[in-house]
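Morning, everyone. I have one structure to walk through today. Please take a look at the sequence and the model before I start.

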Amino acid sequence: MAKKIRLDFTKVEKRSGWNTKGIPEGLYRMKVASVVEQEANDGTDMLVYALVPTDQRYAARRFPYYCKLQPNQLFKIRDLLVATGMSVPKKA
């Protein structure tokens, strides 16, 4: 039988670099603060975009947007580029 333990995270700081604390439901303008290429847990290459709200009340928030570099996931990158105002070609 597993022993129950109680964990207190009161004084534990975040170290992921992301601040995904919720913001009120709604539509928000975001800016792409950074993008890095890294490997997903399954070994697939991916791009990780850091999205930051432009609303100053939530400017400290950083939300990750994961886009694997495989055919069935490329729509995410295309949609993000279109949302930023870029023209995306329908070819390689």
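How many helices and strands does the protein chain have? One helix and three strands. Keep in mind that this is a predicted model. Going along the sequence, the order is β-β-β-α.

Now the overall dimensions. The radius of gyration is 17 Å. For 92 residues the globule rule gives 12 Å, and 17 Å is well over that, so the chain is more spread out than a compact globule. Along the principal axes, the C-alpha atoms fill a box of roughly 55 × 35 × 20 Å.

Next, burial and surface. Of the 92 residues, 20% count as buried. The accessible surface is about 7,900 Å². Carbon and sulfur atoms account for 54% of that surface.

Charges, briefly. The chain carries 17 positive and 9 negative charges. Their mean positions sit 6 Å apart.

On to contacts. Take pairs at least 6 apart in sequence. Of those contacts, 37% join residues at least 24 apart.

Which residues make up the largest nonpolar core? There are six: Leu47, Tyr49, Leu51, Cys67, Ile77 and Leu80. S2 gives the largest share of the core, with three residues.

Let me zoom in on one core member, Leu47. What does Leu47 contact, once neighbours within four places in sequence are set aside? The list is Val35, Val36, Glu37, Tyr65, Tyr66, Cys67, Leu69 and Ile77. Two names there, Cys67 and Ile77, are also in the core.

One more residue, away from that list: Ile23. You will find Ile23 in the segment before strand S1 (30-39). Is Ile23 buried, partly exposed or exposed? The relative accessibility is 21%. Buried means under 20%, so Ile23 counts as partly exposed.

What does Ile23 touch, not counting residues up to four places away in sequence? Tyr28, Pro53, Tyr58 and Arg61. Look at Pro53 in particular. Ile23 and Pro53 are 30 residues apart along the chain. Their C-alpha atoms are separated by 9.8 Å.

To recap. The largest nonpolar core has six residues, and three of them come from S2. That's it from me.

Methods
Residues numbered from 1 in each chain as written. Predicted model: local features only at pLDDT ≥ 70, side-chain atom pairs only at ≥ 80, totals over all residues. Heavy atoms only, no water. Helix = DSSP H or I, 4+ residues; strand = E, 2+ residues; numbered from the N terminus. Rg over C-alpha atoms; globule rule 2.2 N^0.38 Å. Buried < 20%, exposed > 50% of the residue type's maximum accessible area, 1.4 Å probe, protein only. Contact = heavy atoms within 4.5 Å. Areas by Shrake-Rupley, 256 points an atom, 1.4 Å probe, with all protein chains shown as cover. Lys, Arg positive; Asp, Glu negative; His and termini not counted. Charge placed at Lys NZ, Arg CZ, Asp CG, Glu CD. Core = buried A, V, L, I, M, F, W, Y, C linked by side-chain atoms within 4.5 Å.
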